[in-house]
Amino acid sequence: MAEVVQAGLWGLLAGSALLVGAGVGFGLRVPPKVIATVMAFGAGVLLSAVSFELVGEAYDQAGLTPAAIGTLAGAVAYTLGNLWLAGRGARHRKRSGNRSEHSQPSESEQGGSGTALALGALLDGVPESAVIGVSLLDGGTVSLVTVAAVFISNVPEGLSSSAGMKRAGRGKGYVFGVWTAIAAASTVSSVLGYTVIGAFSPAVIAAVTAVAAGAILAMVADTMIPEAFEDAHLAIGLVTVCGFLVSFALSHA
């Protein structure tokens, strides 16, 4: 099978976890503490993947300076995009809406918030998917740890966000339309990560990997950990460490 097709299929697999989470979050009444616990686990998984699979790989390929600059650039770019979207109603896009002060706004409360939520989901998902395609450049074999980390973390993201969308009065068509579109975008991002970035030098590839790592790390700190902490104060540290160790074990298996 052509590697570009593999890149797309792996990206689609990882993105499809959002639909799995959305189905649970929209169709079932999941206790807030369960959502928070799963979100904390997903955050730990991504933190480990960023450390050992992305920043570590960028450092090995190009050294400290490109890795550091790329990571900071990714964090800055994500933060700027997130600030812009926050002012348009997407600040709490990963929140389940259990608490009114952290709930997603309805379209009647803030016009255009539905579009902002969709763009926010895209902002969160693109860096993760792109690095899946980039990982194929290293010997033609995808990083299963990266795919697993993105898949595992996408389930609670889709679950919590979809529960919040439902509480904000958004219908099934909107919720599943958004996540289907993001799953498709994940496929495209993974393909572009392989085809476009693969044409550059190892130093550029390392820098792009680091940019994705910085964006993912900022996303975890800004959107996933706050949702987890909201309803699982005392347990979040332990659960996050468990997620970290699962991903760490996979990367060294």
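How many residues has helix H2, and what distance does it reach from its first C-alpha to its last? Helix H2, residues 32-62, has 31 residues and reaches 43 Å between those two atoms, close to the 45 Å expected at 1.5 Å a residue. The expected span is 1.5 Å times one less than the number of residues. The structure is a predicted model, in which local features need pLDDT of at least 70, side-chain atom pairs count only at pLDDT 80 or more, and totals for chains, interfaces and linings use all residues. Residues are numbered from 1 along each chain as its sequence is written, and side-chain values use heavy atoms, with hydrogens and water left out.

The protein chain comes to 8 helices and 0 strands, where helices (H or I, at least four residues) and strands (E, at least two) are DSSP runs numbered from the N terminus. Along the sequence the pattern reads α-α-α-α-α-α-α-α. Of the 253 residues, 49% count as buried, that is, under 20% relative accessible area with a 1.4 Å probe and protein chains only. Contact here means heavy atoms within 4.5 Å; among contacts between residues at least 6 apart in sequence, 85% join residues at least 24 apart.

Helix H2 also holds a kink of about 35 degrees, centred on Val50. The bend at a residue is the angle between axes fitted to the seven residues ending there and the seven starting there. After H2 comes Gly63, with a positive phi near 95 degrees.

Two or more residues of its lining come from each of H2, helix H4 (113-135) and helix H5 (144-167). H2 gives the most, with 4 residues.

Elsewhere, Ser186 lies in helix H6, residues 172-195. Ser186 counts as buried because its relative accessibility is 3%. Beyond its neighbours within four places in sequence, Ser186 is in contact with Gly11, Gly15 and Ser129.

Methods:
Buried means under 20% relative accessible area, exposed over 50%, partly exposed in between (1.4 Å probe, protein chains only).
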